[in-house]
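Open the structure in your viewer and keep the selection tool to hand. The tour below goes from one selection to the next.

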Amino acid sequence: MTQVGFLFDPARCIGCQSCRVACQVYNETTAEVNWRQVTSHERGAFPDVVQHNLSLACNHCERPACMAVCPADAIQKRVSDGIVTVDPDRCNGCRRCVGACPYGAPRPAPDRSRVSKCDFCMARQDAGLAPVCVETCVGGALRYGPLDEMDAMAGEGPLASSVEGFFDPAWTRPSIRFVARK
């Protein structure tokens, strides 16, 4: 299996939210069911403040915590590329996955009858297209591809499995890498 994942460069993210909006429009989700979130993180004190943005959706983890707790077996990991999906016909709406995911990826539907989450624009990828969040990223901060090709994709900096504001990756082994600049 070739695991696909996101490559995110915090230094290139301007916080414009185009990735979040494109995801929301393409997937026709409501405002309370955003599958992609953009957050801002800062540390230090004036005049030595360091700030970066973080754009996250489902990380399609190697060991998905959401899948491990689903009593309805509604969450599956696709064998061909590692994309984690929710079968809406099997989901019973218990929301155990919502509490289990350290990244906040599964979102309850407004009527609370089931959950949904980023499916990595699986249909678009199957058609040879990029996920809409990647396609609309104006700063080029968000890319995707096989994890074993991330070093070459990063080019301008070494890779890291975490950045400030990101949950410890050792637990679920998320399929996202970060360009680590000094």
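What follows is a short walk through a few residues of this predicted model.

**First stop: Arg36.** Select Arg36, which sits in the loop between helix H1 (18–27) and strand E2 (37–43). Which side chain of opposite charge is nearest to Arg36, and how far away is it? It is Asp119, at 10 Å. A salt bridge needs a side-chain nitrogen of Lys or Arg within 4 Å of a carboxyl oxygen of Asp or Glu. Arg36 has no salt bridge, although Arg36 is buried.

**Next stop: Pro47.** Move to the loop between E2 and strand E3 (50–56), where Pro47 is found. Select Phe46 together with Pro47 and look at the peptide bond joining them: this bond is cis, with omega about 5 degrees.

**Next stop: His60.** Go on to the loop between E3 and helix H2 (65–69), and select His60 there. His60 is not a glycine, yet its phi is positive, about 45 degrees. Is His60 buried or exposed? His60 counts as buried because its relative accessibility is 0%.

**Last stop: Arg95.** Select Arg95 in the loop between strand E5 (84–86) and helix H3 (96–100). Arg95, again not a glycine, has a positive phi of about 70 degrees. With a relative accessible area of 36%, Arg95 is partly exposed.

How values were computed:
Residues are numbered from 1 along each chain as its sequence is written. This is a predicted model: local features need pLDDT of at least 70, side-chain atom pairs count only at pLDDT 80 or more; totals for chains, interfaces and linings use all residues. Side-chain values use heavy atoms; hydrogens and water are left out. Helices (H or I, at least four residues) and strands (E, at least two) are DSSP runs, numbered from the N terminus. Buried means under 20% relative accessible area, exposed over 50%, partly exposed in between (1.4 Å probe, protein chains only). Lys and Arg count as positive and Asp and Glu as negative; His and the chain ends are not counted.
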